Amino acid sequence: MWKTWLLAAGCLLASSRMTALDAKPPVKVACVGNSVTYGYLLPDREENCYPAQLQRLLGEGYDVHNFGRSGATLLRRGHRPYHQMEECQEALRFAGDKVIIHLGLNDTDPRDWPNYRDDFVKDYLQLIDAFRAANPKCEVWICRMTPIFHPHPRFKSGTRDWFWQIQAKIEEVARLSGAGLIDLHPALYDRPDLFPDALHPTAEGAGLLARKVYGHLTGDFGGLWLPEVYSDNMVLQRGKPLRVAGRANAGEAVTVAVAGRKARTTAGPDGRWELRLPALEVGGPYTLRVQAASGRREFTNVLVGEVWLCSGQSNMAFRVDQSVKEEVEASLQAAARRPAVRLFHMQPRWMTNDVEWGASVLDSLNHLQYFTSTQWTECGEEEVKRFSAIAFAFGKMLADSLQVPIGLINNAVGGSPTEAWIDRKTLEFEFPDVLYDWKKNDFVQGWVRGRGAKNIAKSAHALQRHPYQPCYLYEAGIAPLNRFPVQGFLWYQGESNAHNIEAHERLFRLLAKSWRVEWQEELPFYYVQLSSLNRPSWPWFRDSQRRLMAEVAPAGMAVCTDRGDSLDVHPRRKREVGERLARWALRQTYGHACVPSGPLFRSVEVRGGAAYVSFDYAEGLRSADGAALRTFEVAEQEDLFYPAHAEIVGGQVKVWSEQVRRPRFVRYGWQPFTRANLVNGAGLPASTFRSECMYFYQ
């Protein structure tokens with residue numbers, strides 16, 4: 001018996017020795033960096049800093065150490081060089097198997113980058129080499145920096161510009177060294193609410209960093225994922241290479257197939273993948289299949305046709321069932337015939353009414369969860385009732401004229417200002433002043449500021465987000481579309497920027513630029529001029545919109561002053577407005593021989609005491625109601641206008657007044673609510689305009 005016991009004991013001892021010998025030591029992860037790595041300002045820093053959160057994500061098989069040092073520079077001649085810090089020496093002695101380096105933020109200091117920028121690449125390579133010497137088998141990742149936001153005290157004086165220069169240098173270092181590159185910037189750039197001092201993230205922000213680093217270390221990015229805009233019933237853009245993009249686990253092969261086309265790619269180290277299929281012709285229904293080792297998605301009843309993004313504020317959001325009765329009936333009759341129009345309706349979860357929002361709403365806003373989850377739907381009566389009246393009229397006219405499927409994406413938000421729809425980087429460089437303290441900023445319309453303040457009054461968060469805040473709707477409603485291929489943009493907005501025409505002119509140009517950069521294509525931008533309403537600034541604003549058309553080309557402007565309401569900012573006749581936008585698309589985008597617009601001012605000359613005004617799209621000039629032409633005015637001295645007679649002479653409009661001997665200025669439709677009545681042969685109204693005469697004749 002004792003022999004049996006000894007044998008069993010011996011086997012047990014041998015087994016334990018083998019287990020001890022076979023057990024792998026934990027993978028050592030060295031987190032090297034500055035105050036963001038250290039966890040500066042975080043409560044319970046040891047628990048909440050990103051390396052500590054990374055440790056919890058990775059689990060027992062890893063040993064994560066924090067070697068961050070507040071204020072450290074990468075530059076060896078900087079004001080606080082990391083290589084001289086004890087944390088650096090400790091990190092080298094640790095000899096990590098995996099090294100994550102996040103440095104560069106403090107190098108934006110005016111003591112550093114202006115003087116020693118030429119050393120940056122060399123100094124970074126030297127630091128990487130030091131870690132590889134400490135452990136020749138180590139893997140090194142370097143990080144593009146976390147954001148520095150506009151409230152930073154040195155933002156406009158240099159930090160903004162130097163930050164982006166350093167970001168580019170970090171990419172160069174990764175290429176030269178063969179180190180992995182982790183882009184920490186996009187994970188936090190749309191979350192300024194997580195940066196109380198514009199530089200250091202909160203514990204939640206540190207968690208986002210940890211999740212990003214975890215993905216790069218493990219390759220686990222949650223498996224196959226595509227944006228919500230991919231769904232059954234969607235319309236894919238025809239006629240140009242079809243971009244499809246999403247996320248998968250790092251290194252996974254991803255295959256996309258539709259309509260006999262097939263393409264394959266591999267997810268990158270950051271899990272992102274993108275491919276392009278050869279251009280598709282009109283057709284369907286098809287099934288779009290996306291497959292990877294981590295998942296498979298199938299989208300059925302897919303059509304190929306034309307896709308348009310329809311955005312703006314309440315007049316674009318204005319629903320079919322809010323229109324005048326005859327337009328509602330016509331739209332529902334059209335829907336009952338099941339036209340090949342598909343709808344992707346991104347509706348706000350909360351309307352910006354005159355109310356104070358509760359805690360759960362406020363938290364959702366900070367997480368950019370403003371739009372409801374949705375999917376593409378076929379065109380039925382119930383779906384059309386709740387959809388944008390202007391967008392549907394546009395889509396219906398295109399479907400009838402082109403005889404192809406039409407896809408409409410609508411994400412308009414009532415009351416929203418232009419600046420809310422522009423990306424952050426564009427505003428940071430082109431119009432940074434609109435970003436500062438938006439609830440007290442005169443660049444932001446008073447009504448917008450007041451309504452935003454009312455909605456978030458119950459929030460104790462100093463950086464509480466709101467849909468009207470600059471950049472917010474871009475981040476919540478444009479970026480999530482992930483550059484889903486479209487043919488162009490429709491826009492109806494301006495009421496919430498009419499207080500400052502000069503600021504709007506800058507913002508509108510930036511809006512068009514921002515979206516075209518996002519889609520990486522000079523897509524057409526068709527927009528609606530403000531209608532008639534008793535608001536004093538509107539004549540100037542409408543004329544500004546007319547002038548902007550040339551500055552944001554390819555573009556077109558639909559005039560709707562003849563469909564305004566003197567007391568209601570939401571005129572109920574929308575069908576013709578949508579069809580006027582469709583005319584621009586049919587003419588400029590699709591090459592149809594239709595008249596795209598009413599008369600648009602071209603030039604004026606003076607002969608014999610009268611001004612002769614020439615217009616584009618002037619064929620068949622006439623009065624809309626058969627009465628004499630109204631609302632023309634002339635002046636010899638600027639701003640001293642007098643009512644004028646006007647008649648159509650040889651394809652021009654002759655304008656004169658007995659009170660003005662030598663007219664130098666002409667204006668038309670220069671009333672907030674105007675009864676101007678000049679149209680062309682297509683019955684389309686002329687735009688408000690004001691212009692100085694350039695030529696004088698006796």
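## Briefing on a predicted 698-residue chain

Of the 698 residues in the protein chain, 57% are buried (under 20% relative accessible area; exposed is over 50% and partly exposed is in between, with a 1.4 Å probe and protein chains only). This is a predicted model, in which local features need pLDDT of at least 70, side-chain atom pairs count only at pLDDT 80 or more, and totals for chains, interfaces and linings use all residues. Residues are numbered from 1 along each chain as its sequence is written, and side-chain values use heavy atoms, with hydrogens and water left out.

**Overall layout**

- The C-alpha trace spans about 125 × 60 × 45 Å along its principal axes.
- The chain has 21 helices and 27 strands, taken as DSSP runs numbered from the N terminus (helices are H or I with at least four residues, strands are E with at least two).
- Among contacts (heavy atoms within 4.5 Å) with a separation of 6 or more, 74% join residues 24 or more positions apart.

**Aromatic pairs and charges over rings**

- There are 37 aromatic pairs in the structure; rings of Phe, Tyr and Trp (its six-membered ring) pair if their centres lie within 6.5 Å, and planes under 30 degrees apart count as stacked, over 60 as edge-to-face and the rest as tilted.
- One of them is the tilted pair of Trp491 and Phe525, with 6.4 Å from centre to centre and 50° between the planes.
- That pair links distant parts of the chain, since Trp491 is in strand E15 (residues 488-492) and Phe525 is in strand E16 (residues 525-528), 34 residues apart.
- Trp491 and Phe525 are both buried.
- Phe632 and Phe689 form an edge-to-face pair, because their planes stand at 65° with the ring centres 6.4 Å apart.
- Phe632 in strand E21 (residues 632-635) and Phe689 in strand E27 (residues 689-692) are 57 residues apart, so this pair also links distant parts of the chain.
- Phe632 and Phe689 are buried.
- One aromatic cluster consists of Trp421, Phe489, Trp491, Phe508, Trp515, Trp519, Phe525 and Tyr527.
- Arg45 has its charged end over the ring of Tyr38, 3.9 Å from the ring centre (the criterion is NZ of Lys or CZ of Arg within 6 Å of the ring centre and within 35 degrees of the ring normal).
- The charged end of Arg160 sits over the ring of Phe429, 4.9 Å from its centre.

**Strand pairing**

- An open sheet of 4 strands runs in the order E22-E21-E25-E27 with antiparallel pairing; two strands pair if DSSP finds at least two bridges between them.
- E22 (642-643) and E27 are the edge strands, each with a single partner, so one side of each has no neighbour in the sheet.
- Within this sheet, E21 is joined to the antiparallel strand E25 (residues 665-668) by 4 bridges, and Val634 stands opposite Val666 in E25.
- Strands E8 (residues 253-258) and E9 (residues 261-266) run antiparallel and are joined by 6 bridges, with Val256 opposite Ala263 in E9.
- E8 and E9 form a hairpin with 2 residues between them, and Ala259 in the turn has a positive phi of about 50°.

- Helix H12 (residues 325-336) has 12 residues and should span 16 Å at 1.5 Å a residue, which agrees with the 16 Å between its end C-alpha atoms (the expected span is 1.5 Å times one less than the number of residues).
- The buried residues of H12 include Glu327, Val328, Ser331, Leu332, Ala334 and Ala335.
- Seen down the axis, the buried residues of H12 fall within an arc of 155°, so they line one face of the helix; the arc is that of the directions from the helix axis to the C-beta atoms.
- The cover over these residues of H12 includes helix H14 (381-385), helix H15 (389-402) and helix H21 (575-589).
- In helix H5 (residues 86-94), the buried residues are Glu87, Cys88, Ala91 and Phe94.
- These residues cover an arc of only 120° around the axis, which puts them on the same side of H5.
- They pack against strand E1 (27-33), strand E2 (62-68) and helix H7 (120-134).

**Backbone exceptions**

- Most residues other than glycine have a negative phi, and most peptide bonds are trans.
- The bond between Gly284 and Pro285 is cis, with omega about 5°, and Pro285 lies in strand E11 (residues 283-292).
- Ala553 to Pro554 is also a cis peptide bond, with omega near 0°.
- Gln403 has a positive phi of about 55° and is exposed, with a relative accessible area of 63%.
- Arg483 has a positive phi of about 60° but counts as buried at 16% relative accessibility.
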